[in-house]
Structures are given as C-alpha cells and as structure tokens.
Amino acid sequence: MTRARHDVIGPEVRGHAVAEVTGTVRGRRDRLIGLSHSLYDEPETALREHRSAAKVAALLTEAGFAVTRGVGDLPTAVVATYGTGDLVVALCAEYDALPGIGHACGHNVNGAAAVGAALGLAAVADRLGITVKLVGTPAEEDIGGKVLLLEAGVFDDVAAAMMVHAAPEDTVGASSLAVSAWDVTYRGRPSHAALAPWEGVNALDAMTLAHTAIGLLRQQLPPGTLVHGVVSEAGQAVNVIPALAQARYELRAPTSEQLAYARRRVRSCFEAGALATGAELELVPHGHDFADLRQDASMTESYARALGELGRTPVPRHGELMASTDMGNVSHVVPTIHPTVGYDTGGAKPHTAEFARYGKSEGADRAVIDGATALAHVGVELATDAVQRRRLLDGVADRRHRPGGSAAARPPR
C-alpha cells in the first residue's frame, strides 16, 4: 500500500475538519448507542467475545473499513483500517465483560466510543493524511489482549494510540498500576486425617503458610505495592489431608520495576510454603504482565481542550494511580492517552453490579458520543499540527531503526 505524504497540514484546515468529524459522530449517534446497548445486553467474558467482535466488525465494514478478524491468534480480535496516510492513529476498542456482573467496567461504552472516533476520523482521513486503525482488543479483564496484539506487530506502524474508559467522572493524565498474576498450585499427599495424618503432605498447609508469609511481607513492601489472591481448591473432604491446593494471586505496583521486585519477594513466600510442608509448588503466569500507564502530555492537553469544548471539565489526575490496564504496555511503545469519560453512577464504583446498572443510562449514552468526539478531535489536531505530526512520525521511524525493530521497544514481561 502506498501512503500519501502529508508532512505539513496547516491549522487553517483544522476547524473544518473538527466540524466534519463532529457531524459524522453525531450523525452516527443512533448506531453508536445501539452498539453500546447491544454489547451491554449480550455481555461476553474474556476470549469469548465472538458476538461483540462481530458487531464491531460489521459496523466498520459497512462504513468502508478494511476489516480483519482473528489477528494475533486471538479469534475475538479485530483490526479495521481506513485511509492510506502516513500518520497512523489507533483507536483501541474494548468489549469484554466481567464474569457474573456483565459490563461492570463499562467496556460497552469504551468500545462504542472508540468505534465512533474511528468513524469520525475516517471522514477526514484522506484530506489529513491519516490512516485510521481501529483495534478491537479482547480480554483486558484477563490475559491482556493488547499485549498479545503488541507482540504480534499490530502497533508497529502506529504513531498514536487512544481510547476512553467509562468511569463516574471525567479525568485525564492518571497512571495505572503495573500488574502480574500467578496461578498457584501445591501438590501434597493424601492421608486419613485421623488414622494416619503423619503420612500425608498437606497442600492446604502450604497455601496457608504462603498466605500468612505474604501478609507479614506487606509491611516491608514499598508504598503502592499490593498483593491479593483467592483460593479455588483446598481439599474435598474434611477427614482427608488435602493433596491439592490451588489459588490465583495478583501483584500490583506503581512501576514495572517495582513489580519485578515484589514478584521476587512474593515468590519466596510461596517457596517457603513448599519448603515447610514438603509439598510441590507450581507457579504459572496467568496472562501477561500489564505495565504502568504512561499518558502522553501533549495528547492529554489536546483531549482536555476537546472535552472542554463539549461542556465537560475533566479532573487532572497527573501522578495519581488507577487500577491496571494492558493499555499500559502500549503506552511504553506508542504515545498514548487513556482518559476516563464520566457519567452518573449513583456513587457506584467500577467492577460492581451497581456500576453496571448505569451502562445504558442517558449519561452513559452521552459519554459514548462525547468520548468519541473528543478522541476524534485529538486525531485532527495531531494531523494538522506540524510539530505534533512530525514528533509522532519521527517516533515511528525511530522504533523501526532500533536493533530488532519495533519489538525492541516493547516492555519486558
């Protein structure tokens, strides 16, 4: 594919482009709200988002995008492109739900807003020298689809990556906690708990010792470092020494470097449980590590201005930490923004059934349209500001010229 060269497009065309992308998003309002509601009504959990991915793909195909499904060996991933410009702008669409409580993180809003922004930018793509790239990213709530897509090269040509996330308020600039997860298994030896307990090796004791050691370790962990886990298996009969204990633990820290330190310390706690009881320990990484989120300052300012023009006043959260997101991994490679777009949730916080109840509210619907419009405005500014455009294009060129290509810039696991 030959891409048109638009190294300098002056600000004089910006106003017309902003008006056109705004009109395009508003003209698609019913379809975008319909997409958000449809995702909400048929929630699908990580790596099972087949209907959700199909809905996103169908809308973009209808709009003239070139759509590819199953990218990066992820059957529910979608990559849709429009235009041939040298400035590749990626919009990341999430659409996975949470087990048992549906879209309690608002990914129906996230996904529909990203699609709306892509449609808006497509209307001016040829004029502004943009390639619009909608990336449907599965399993943000689990293994981290963006990490796999990053490793598959989907972001190699991307100059800027953007998305908005549903929340109770509008915010910009926050970081997120790096996160890592383990599936933990202890294997012991069963025995009658009354007749011959000394012949058994108690896997539950090993898990209990590890959990206790982690609790004591917390005093020595740096501020902001968190460890939490749930036990899913700890024996079946009370009169049998448990031969199997299983759990999943997550570790979070403000940076990837602090996460690596915490991982070493917590591993020692699990090893201590095995050493003390004689049980065999198996630690298997669950999914991919999420890096801390690094939001691009210039793009953040652009988004805040765009949101202000829509009558919203985002709260600056620079230096503050959100939970965790695989968008963090993207942000270590590509200039990125991941603001939140807010609506009234009656005081409910994400990842609760109460928050999910507001996913089709009037406020959530407005968040879809305002989030899409603001992201599209950022894309227009990046394309029409000569300094920003050159900065982003130089960044892509720099990644390509590093030893190992773009892969060299990816954060380590």
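# Exercises on a predicted model

Helix H8 (residues 256-277) lies across E9, E10, E11 and E12, and its direction makes an angle of about 10 degrees with E9. The model is predicted.

**Exercise 1.** State in what order the strands of the open sheet of 4 strands stand, and which are the edge strands.

*Solution.* 
- Step 1. The order is E10-E11-E9-E12, and the pairing is antiparallel.
- Step 2. Strand E10 (226-234) and strand E12 (280-285) each pair on one side only, and these two are the edge strands.
- Step 3. On average, neighbouring strands of this sheet are turned by 20 degrees against each other, direction ignored.

**Exercise 2.** Find how many bridges join E10 to E11, and name the bridge partner of Gly 229.

*Solution.* 
- Step 1. Strand E11 covers residues 244-253 and runs antiparallel to E10.
- Step 2. The two strands are joined by 8 bridges.
- Step 3. For Gly 229, the bridge partner in E11 is Tyr 249.

**Exercise 3.** Determine which strands helix H7 lies across, and give its angle to E11.

*Solution.* 
- Step 1. Helix H7 is made of residues 203-217.
- Step 2. Helix H7 lies across strand E9 (178-187), E10 and E11.
- Step 3. The angle between H7 and E11 is about 15 degrees.
- Step 4. Helix H8, by comparison, lies across E9, E10, E11 and E12.

**Exercise 4.** Decide whether Ala 113 is buried or exposed, and list its contacts beyond four places in sequence.

*Solution.* 
- Step 1. Ala 113 sits in helix H4 (residues 107-122).
- Step 2. The relative accessible area of Ala 113 is 0%. Buried means under 20%, so Ala 113 is buried.
- Step 3. With neighbours within four places in sequence left aside, Ala 113 touches Val 164, Val 368, Gly 371 and Ala 372.
- Step 4. Pro 197 is 84 residues from Ala 113 along the chain, and their C-alpha atoms are 59 Å apart.

How values were computed:
Residues are numbered from 1 along each chain as its sequence is written. This is a predicted model: local features need pLDDT of at least 70, side-chain atom pairs count only at pLDDT 80 or more; totals for chains, interfaces and linings use all residues. Side-chain values use heavy atoms; hydrogens and water are left out. Two strands pair if DSSP finds at least two bridges between them. Axes are lines fitted to C-alpha atoms, for helices over the stretch in contact, and angles run from 0 to 180 degrees between N-to-C directions. Contact means heavy atoms within 4.5 Å. Buried means under 20% relative accessible area, exposed over 50%, partly exposed in between (1.4 Å probe, protein chains only).
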